[in-house]
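Colleague: I have a model open and would like to go through some of its contacts. Can we start with the strands?

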Amino acid sequence: MKWINTRSHNFWLETETDRIFEFGRNSVVPNGFGWIGNNGKVREEMGTRLWITARMLHCYALAAHMGRPGAYDLVEHGIAALEGPLKDKEHGGWFATIDNKGEGIMDSSKQGYQHAFVLLGAASAVTTGHPRAQALLDEAINVYENHFWVEERQMCYESWDQAWTETEDYRGGNMAMHSVEAFLIVYDVTKDKKWLDRALNITEFMINKTAKGLNYRVNEHFDSDWKPLPDYNKETPASHFRAYGGTPGHWIEWGRLICHLRATLQEIGAHCPDWLLEDAIGLFDATVRDAWHVDGAPGFVYSVDWEGKPVVRERIRWAPVEAIGTAYALYTVTGDQKYQDWYRTWWDYCRTYLIDYEGCSWWQELDVNNQAGTSVVWDGKQDIYHLMHCLVIPRLPLTPGLAPALANGLLDSTCK
């Protein structure tokens, strides 16, 4: 049975995409985009977070290309937020969190993870032709290159204080992964190959040189010399962004990003190492091995230890979402039927447990029995960014990336 690249399945994806784009409009607040709770309303106490606002700018750039009325207005809203209240006009860069309505700063730190999403959002906005998007992207590139990118290591800093004077003695794999994601879109927009070279160098260190030797369990925590910290956060394992041990949802997300990187290198005739495909498959297989249906119920556990045993067993939405995108990517590359089969399996799981038609959007977290209502790791439905990876990516070629592909009219180009 085939779903990928069929008109009937793609029609279903389009219908669900439209529902999610409409849900995302609930996040609009005066200073950007807020944190959506389980009831579909903004949680005022969470403030306006840079990562959510930048990701929603990216999402509504996609929506604008897909002909959703009102989406371009939300591109404008996102750009205005990054030009205005979220921007540190004294020191440069962007605050981590401000309040939703006033000028209050809730977290003035400069987070690399969040700035990577500014790169992504700004690059996606450029593809819409918005008159101020290029200036925003230029600024985002300048901030990233001056403060986060470490040229001699071909890796990145994790964070700084507001004035860019102190950085953590910590380097993060999650930040590195989302930098790779952003770099691919920045390359598509600028055609400057250094972004592909940087993406490849990060991937080689994180995956081929580090994770491969750990049976593709991706270590995400390092000291300032990029030496692994395997016990990091062992006492507080259910962290949003720095979970103890391995986070299999990230492993399989890396697999998809590697497929995009490989496709782009091949497209331009650049050197494309053989290990890219080998590692993408290895990450996919490791995620299934360690995290899928391993404790008596379907779903991916959130985290595992270095022997592959579950640590935090709650099911988090973005893991199957990313798995769907990677199954599509590997099916596209290899034609292996097993990826088509996994694609259907994970969509069935999402429809049975995660999609919330009675309320809104999708549940972000389920308990170990796939029941909604827990908040061990995440509380609320946050944003719609990850959902684009299962709703839109399976209708696009692997290169260029999301917004550039949509700008080039490539949606459903592979549909038969």
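Colleague: Which residue in β4 does R49 stand opposite?
Modeller: R49 stands opposite T97 in β4. Strand β4 covers residues 97-98 and runs antiparallel to β3, with two bridges joining them. Two strands pair if DSSP finds at least two bridges between them, and helices (H or I, at least four residues) and strands (E, at least two) are DSSP runs, numbered from the N terminus.

Colleague: Before we go on, where do these numbers come from?
Modeller: This is a predicted model, where local features need pLDDT of at least 70, side-chain atom pairs count only at pLDDT 80 or more, and totals for chains, interfaces and linings use all residues. Residues are numbered from 1 along each chain as its sequence is written, and side-chain values use heavy atoms, leaving out hydrogens and water.

Colleague: Back to the sheet. What is the strand order?
Modeller: The order is β3-β4-β5, in an open sheet of three strands with antiparallel pairing. The edge strands are β3 (48-49) and β5 (105-107), and each pairs on one side only.

Colleague: What does Q114 touch, not counting residues up to four places away in sequence?
Modeller: Q114 touches R49, L50, W51 and A96, where contact means heavy atoms within 4.5 Å. Q114 itself is in helix α4 (residues 112-126).

Colleague: Which backbone nitrogen does the Q114 side chain reach at 3.2 Å?
Modeller: That of L50. The backbone nitrogen of W51 lies 2.9 Å from a polar atom of the Q114 side chain.

Colleague: Is Q114 buried or exposed?
Modeller: Q114 is buried, because its relative accessibility is 9%. Buried means under 20% relative accessible area, exposed over 50%, and partly exposed in between (1.4 Å probe, protein chains only).

Colleague: New topic. How many salt bridges does the structure hold?
Modeller: The structure holds 27. A salt bridge is a side-chain nitrogen of Lys or Arg within 4 Å of a carboxyl oxygen of Asp or Glu. One of them joins the side chains of E14 and R395 (2.4 Å, N to O).

Colleague: Where do E14 and R395 sit in the chain?
Modeller: E14 is in helix α1 (residues 7-24), and R395 is in the loop between α12 (388-391) and α13 (402-407). The pair links distant parts of the chain, 381 residues apart.

Colleague: Is R395 buried or exposed?
Modeller: R395 is buried, because its relative accessible area is 0%. E14 counts as partly exposed, at 25% relative accessibility.

Colleague: Which residues are linked in a network of salt bridges?
Modeller: E145, E151, D192, K194 and R198 are linked that way.

Notes:
A polar contact is a pair of N or O atoms within 3.5 Å; within protein, one must be able to donate a hydrogen and the other to accept it, and residues adjacent in sequence count only if both atoms are side-chain atoms.
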